[in-house]
Amino acid sequence: MATAKQNTAAKKTAEKQTKAGTGIHAPVQPSPELGEIVGTDALPRSEVISKVWEYIKKNDLQNPENKREILADDKLAKVFGKDKATMFEMNKYISAHLKAA
């Protein structure tokens, strides 16, 4: 059972992470390879992921037989390091192309 002190600490941590500029809202700088897809400006990680998904859908890169699989074109292959990846692997490859801004 959590103590009142632990609950207060957890609440403060959650508040801190939801403020702009921290946690998932912290700006990150895409690599030049990822920048070809999402742009070169620093963006929050959540926006980077959204832009990658926009790119995937716009260019019809999901495998029609298995929607969880992304079939990389030339630009996306530079980020993935291979010609296809699952949507679960995708975040690992994108993270390797981001650094704190």
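User: How much of the protein chain counts as buried?

Analyst: A residue is called buried when its relative accessible area is under 20%, exposed when that area is over 50%, and partly exposed in between, with a 1.4 Å probe and protein chains only. In the protein chain, 29% of the 101 residues count as buried. This is a predicted model, in which local features need pLDDT of at least 70 and side-chain atom pairs count only at pLDDT 80 or more, whereas totals for chains, interfaces and linings use all residues. Residues are numbered from 1 along each chain as its sequence is written, and side-chain values use heavy atoms, with hydrogens and water left out.

User: How many helices and strands does the protein chain have, and in what order do the elements run?

Analyst: Both kinds of element are DSSP runs numbered from the N terminus, a helix being H or I over at least four residues and a strand being E over at least two. The protein chain has five helices and six strands, and from the N terminus on the elements run α-β-α-β-α-β-β-α-β-α-β.

User: Which strands form the open sheet, and which are at its edges?

Analyst: Two strands pair if DSSP finds at least two bridges between them. Here three strands form an open sheet in the order 3-4-5, with antiparallel pairing; strand 3 (62-63) and strand 5 (84-86) are the edge strands, each pairing on one side only. Strand 3 and strand 4 are joined by two bridges in the antiparallel sense and form a hairpin with two residues between them, and Asn63 has Asn66 in strand 4 as its bridge partner. Strand 4 (residues 66-71) is joined to strand 5 by three bridges, and Ile70 has Ala85 in strand 5 as its bridge partner. Helix 5 (residues 87-95) packs on this sheet, touching strand 3, strand 4 and strand 5, and its direction makes about 110° with that of strand 5. That angle is taken between N-to-C directions on a scale from 0 to 180 degrees, the axes being lines fitted to C-alpha atoms, for helices over the stretch in contact, and contact means heavy atoms within 4.5 Å.

User: Which residues of helix 5 are buried, and which are exposed on the other side?

Analyst: The buried residues of helix 5 are Met90, Tyr93 and Ile94. They lie on the same side of helix 5 because they cover an arc of only 95° around the axis, the arc being that of the directions from the helix axis to the C-beta atoms. On the other side of helix 5, Phe88 and Lys92 are exposed. The cover over the buried residues of helix 5 includes helix 2 (32-38), helix 3 (45-58) and helix 4 (74-80).

User: How many aromatic pairs are there, and how is such a pair described?

Analyst: A pair of aromatic rings is described by the distance of the centres and the angle of the planes. Rings of Phe, Tyr and Trp (its six-membered ring) pair if their centres lie within 6.5 Å, and planes under 30 degrees apart count as stacked, over 60 as edge-to-face and the rest as tilted. By this rule the count comes to one aromatic pair: the rings of Phe80 and Tyr93 have centres 5.8 Å apart and planes at 45°, so the pair is tilted. Phe80 in helix 4 and Tyr93 in helix 5 are 13 residues apart, and the pair links distant parts of the chain. Phe80 is buried, with a relative accessible area of 3%, and Tyr93 counts as buried at 16% relative accessibility.
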